[in-house]
Amino acid sequence: MSNLSLYTVTALLILDADGQRVLAKYYNPPHQNTPGVGIASDLGVGPGGPGMGGLIHLKEQKAFEKSVFEKIRRGGGEIHPLPPHLIITRTIVDLHFIIVGPLSTSNELMLHQTLGAFADAVHLLLRGQIEKRNVLEGLDLVLLAADETVDDGIILETDAAAIAARVSRPKADTTDIVINEQTLLNAYTSFRDKVSQRIQQL
């Protein structure tokens, strides 16, 4: 059965060089109370997909992250099958950026594009300083970038610049008016002169 749903991402992870969690977002379709039942299964997401169960509790997630790290550590490129999941990785300095989808129905190119966009957006937001310490310091921006990239297992954006633009704080206006004693005195003097001219005209 083909995946007719938009729910294509099971998890978005960042692990450090020791396999410890830096960021982890596991996705389930909204309004789904029972794993494996509802929208995701009706649309054929397939085993290992968002909302299909198996990665709901923290203990399951930690065990999964450990097996993912072991798979990455053995090497073998960026795409790793770990039934029933497909894992796509990108390593930058001391961090592993990971996206997880269902093995049976995933579009590897789309997942790879999504992971690349997320990692590049983080690169832009942290001004090229992608290390564990910097990611933890800018975790608010990284989490917002993750939310702008994937929501409830649905890929929202694959353009790193667009993600970074939505997340980054707007720059301060360079034409800010500085109010100090001198500008207040100038305003008062100008107001006084205008009022005195009006009075003299009457």
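1. Glu-137 and Arg-133 form a salt bridge, with the closest N and O atoms 3.5 Å apart. Both residues lie in helix α4, which spans residues 132-137. They sit four residues apart, about one turn of the helix. Glu-137 is exposed, and so is Arg-133. Keep in mind throughout that this is a predicted model.

2. A second pair sits in helix α2, residues 58-73. Here Glu-70 forms a salt bridge with Arg-73, and the closest N and O atoms are 3.1 Å apart. The two residues are three apart in α2, so about one helical turn separates them. Glu-70 is partly exposed, with a relative accessible area of 27%. Arg-73 is exposed, at 58% relative accessibility.

3. The next pair spans the sequence. Asp-147 and Lys-25 meet through their side chains in a salt bridge of 3.1 Å, N to O. Asp-147 belongs to helix α5 (residues 139-149) and Lys-25 to strand β2, so the bridge ties together parts 122 residues apart in sequence. Asp-147 is partly exposed, at 33% relative accessibility.

4. Salt bridges also form a network, which links Glu-148, Glu-157 and Arg-166. The count for the model comes to eight salt bridges.

5. Now the sheet. It is open and has five strands, in the order β2-β1-β5-β4-β3, with antiparallel pairing. β2 and β3 (79-82) stand at the edges. Each has a single partner strand, so one side of each is left without a neighbour in the sheet. From one strand to the next, the twist averages 20 degrees.

6. Strand β1 (residues 11-16) pairs with strand β2 (residues 21-26) in the antiparallel sense, over five bridges. Leu-13 has Ala-24 of β2 as its bridge partner. The two strands form a hairpin with four residues between them. Gly-19, in the turn, has a positive phi of about 85 degrees.

7. Pro-81 stands opposite Leu-86 in β4.

8. Two helices pack on this sheet. Helix α2 touches β1, β2, β3, β4 and β5 (95-102). The direction of α2 makes about 115 degrees with that of β2. Helix α5 touches β1 and β2. The direction of α5 makes about 30 degrees with that of β2.

9. Is Glu-65 buried or exposed? Glu-65 has 2% relative accessibility, so Glu-65 counts as buried. Its place is in helix α2. Leaving aside neighbours within four places in sequence, Glu-65 is in contact with Leu-13, Leu-15, Arg-21, Ala-24 and Tyr-26.

10. Last, a helix pair. The axes of helix α3 (residues 108-125) and helix α6 (residues 160-167) come within 8 Å and cross at roughly 50 degrees. That angle makes α3 oblique to α6. The crossing is right-handed. On the α3 side, the contact is made by Ala-117, Asp-120, Ala-121, Leu-124 and Leu-125. On the α6 side, Ala-160, Ala-161, Ile-163, Ala-164 and Val-167 take part.

Definitions and conventions
Residues are numbered from 1 along each chain as its sequence is written. This is a predicted model: local features need pLDDT of at least 70, side-chain atom pairs count only at pLDDT 80 or more; totals for chains, interfaces and linings use all residues. Side-chain values use heavy atoms; hydrogens and water are left out. Two strands pair if DSSP finds at least two bridges between them. A salt bridge is a side-chain nitrogen of Lys or Arg within 4 Å of a carboxyl oxygen of Asp or Glu. Buried means under 20% relative accessible area, exposed over 50%, partly exposed in between (1.4 Å probe, protein chains only). Contact means heavy atoms within 4.5 Å. Axes are lines fitted to C-alpha atoms, for helices over the stretch in contact, and angles run from 0 to 180 degrees between N-to-C directions. Angles under 35 degrees count as roughly parallel, over 145 as roughly antiparallel, 65 to 115 as roughly perpendicular and the rest as oblique. A crossing is left-handed if the near helix is turned anticlockwise from the far one by less than a right angle, and right-handed if clockwise.
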